[in-house]
Amino acid sequence: MTDTLTTEPAPLSFEEALERYEPVMGFEVHVELNTQTKMFSSAPNAFGDEPNTNVNEVDLGLPGTLPVVNGKAVEYAIKLGLALNCQIAPYCRFARKQYFYPDTPKNWQTSQYDEPIAFEGFLDVELDDGEIFRVEIERAHMEEDAGKLTHAGTSGRIQGADYSLVDYNRAGVPLIEIVTKPITGAGERAPEIARAYVSAIRDIVKALNISDAKMERGNVRCDANVSLMEKGASQFGTRSETKNVNSLRAVEHAVHYEIRRHAGILAAGGSIVQETRHWKEDTRTTSSGRPKSDADDYRYFPEPDLVPIVTTEEWIEKLRAELPEPPAARRRRLREAWGYSDKEFRDVIAAGLMDQIDQTVSQGATPAVARKWWMGEISRIANARDTDPGALGVEPSTIVELNGLIEEGRINDKIARQVLEHHLDGEGTPTEIVSARGLEVVSDDEALTAAVEKAMAENPDVVEKVAAGKLKAIGALIGPVMKETRGQADAGKVREIVLNKLGIEG
């Protein structure tokens with residue numbers, strides 16, 4: 001007789017789950033490094049190439065081959081360990097993690113087990129309302145990635161596939177795996193903390209420039225562990241591990257769902273199976289994978305073909321001196337310096353445009369001008385061209401030059417938007433475009449006066465309103481003048497001429 005239910009009961013609501021149980025989380029975040037070559041071979045480390053072209057005999061585990069450690073990958077691991085407030089091991093070594101799977105041609109993965117390069121760290125993550133939650137880091141260790149399996153069939157998964165194809169380009173790509181200690185005390189904010197933690201890791205590796213950090217490519221991916229324990233209990237429940245979640249939103253939703261799923265099973269008297277699970281984005285649910293192995297099942301032993309890695313204080317301090325400003329500290333500094341509202345700054349972060357705005361401000365634009373262009377016209381053009389604003393190729397100096405032309409009165413906002421489009425089409429710098437296309441605003445008194453007189457003659461009712469003191473009605477005259485001058489009239493000058501003609505002091 002077993003208390004494990006063969007058919008899972010319906011998940012409880014999130015609120016019901018939290019009334020009865022305390023969530024416990026743990027995360028294993030895998031970061032692919034952007035080194036030029038792989039972790040233990042000279043094969044190129046590149047994304048998107050033809051399958052099985054970035055492979056050599058070491059990656060395939062052919063007899064007689066010997067691995068060589070990528071020194072740059074070791075430096076990257078130390079830098080990431082320091083950024084996570086870890087201790088750096090003075091001595092560490094690699095181990096063989098034994099298992100067979102078609103995408104691991106050696107039949108083992110070269111990793112680190114009992115002697116990681118970084119350990120005992122922490123990361124303070126900022127939540128949506130500004131609260132700081134500390135996540136304790138158990139270890140960050142080096143290893144190699146596996147190849148990629150593509151399952152041909154309707155499901156896209158190995159179950160029910162007609163056949164599977166393997167691409168070894170990714171086999172041997174350098175990885176750092178960051179493992180947290182069990183995270184308790186999260187309560188109802190557990191899913192939010194999960195998202196914020198993975199987001200913080202992604203920001204750090206981008207700032208360190210050690211990874212391309214594109215989750216959609218798998219450069220950063222998360223295994224999310226969830227268990228529940230009764231309120232007031234001290235012993236953790238059985239965990240499940242949702243594998244290879246590759247978006248921030250999916251991490252949040254996966255934790256939310258697993259809390260509900262565990263609660264439904266436990267409340268019905270069942271028990272949780274320790275297993276890996278797959279995230280299903282279309283239904284926002286998880287499905288069963290395979291029973292989860294413990295460390296003993298992998299039969300770890302020291303890698304005999306690699307010498308231990310020895311670090312020195314001098315080396316560690318040299319790398320520490322190269323660390324950039326922590327991303328969270330930088331965000332707080334820029335938000336204060338720019339004077340943006342919380343919503344404005346959140347929108348900038350969500351759009352991924354903080355770096356572009358920072359560079360534009362550094363080159364002389366005001367924070368308001370930089371935000372206006374990047375969050376406004378540049379984002380609009382990027383959306384119309386189905387790309388990211390940062391991928392358009394607009395240099396911060398271009399925005400500064402464009403805004404300078406506006407401040408000098410040579411062009412107005414409408415013309416500036418046209419100039420930006422022409423610039424993106426390869427017509428030159430803003431100044432060159434304005435000159436070549438004759439786009440400078442019409443500020444000549446004679447030409448503007450003629451256009452104003454024509455507009456006033458054609459709109460006598462508007463003139464009456466303005467004469468009666470309704471100065472906002474001048475806008476109805478500026479429009480026709482702009483049309484007459486192909487949008488190149490100086491609006492301020494037009495207003496001044498109208499008021500002068502009506503004998504009104506502006």
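Contact here means heavy atoms within 4.5 Å. The model is predicted, so local features need pLDDT of at least 70 and side-chain atom pairs count only at pLDDT 80 or more, while totals for chains, interfaces and linings use all residues. Residues are numbered from 1 along each chain as its sequence is written, and side-chain values use heavy atoms, with hydrogens and water left out.

**View 1. Asn70 in the loop between strand S1 (21-32) and helix H2 (71-83).** Helices (H or I, at least four residues) and strands (E, at least two) are DSSP runs, numbered from the N terminus. Asn70 has a relative accessible area of 10% and is buried; buried means under 20% relative accessible area, exposed over 50%, and partly exposed in between (1.4 Å probe, protein chains only). Not counting residues up to four places away in sequence, Asn70 touches Thr35, Thr37, Lys38 and Met39. The side chain of Asn70 also reaches the backbone oxygen of Lys38, at 3.1 Å.

**View 2. Thr110 in strand S5 (residues 108-111).** Thr110 is buried, at 3% relative accessibility. Its side chain makes a polar contact with the side chain of Trp108 (3.5 Å). A polar contact is a pair of N or O atoms within 3.5 Å; within protein, one must be able to donate a hydrogen and the other to accept it, and residues adjacent in sequence count only if both atoms are side-chain atoms. Residues up to four places away in sequence aside, Thr110 touches Phe40, Phe94, Ala95, Glu143, Glu144, Glu303 and Leu306.

**View 3. Pro302 in strand S15 (residues 301-302).** Pro302 is partly exposed, with a relative accessible area of 38%. Beyond its neighbours within four places in sequence, Pro302 is in contact with Arg93, Phe94 and Ala95. The C-alpha atoms of Pro302 and Arg96 are separated by 6.2 Å, although these residues are 206 apart along the chain.

**View 4. The largest nonpolar core, with 72 residues.** A nonpolar core is a set of buried Ala, Val, Leu, Ile, Met, Phe, Trp, Tyr and Cys residues joined through side-chain atoms within 4.5 Å. Phe27, Ile178 and Tyr197 have the most contacts inside this core. Helix H3 (residues 190-208) gives the most to the core, with eleven residues. Apart from it lies another core, of 31 residues, among them Trp338, Val348, Leu402 and Leu405. Leaving aside neighbours within four places in sequence, the contacts of Tyr197 include Phe27, Leu123, Ile178 and Thr180.

**View 5. Thr180 in strand S10 (residues 174-180).** Thr180 is buried, at 6% relative accessibility. A polar atom of its side chain lies 2.9 Å from the backbone nitrogen of Phe27. Among the contacts of Thr180, neighbours within four places in sequence aside, are Gly26, Phe27, Val135, Glu138 and Tyr197.

**View 6. The largest cavity and its lining.** On a 1 Å grid over the protein atoms alone, a cavity is a set of points where a 1.4 Å probe fits but cannot get out, and lining residues have an atom within 4 Å of a point. The count comes to one cavity of 30 Å³ or more. About 130 Å³ of space lies in the largest cavity. Its lining has 17 residues, and Lys106, Glu144, Asp145, Ala171 and Gly172 lie nearest the centre.

Key. On a 1 Å grid over the protein atoms alone, a cavity is a set of points where a 1.4 Å probe fits but cannot get out, and a pocket is an open set with protein on both sides within 12 Å along at least five of seven lines; lining residues have an atom within 4 Å of a point. Grid points are joined across faces, edges and corners, and a volume is the space filled by probe spheres set on the points.
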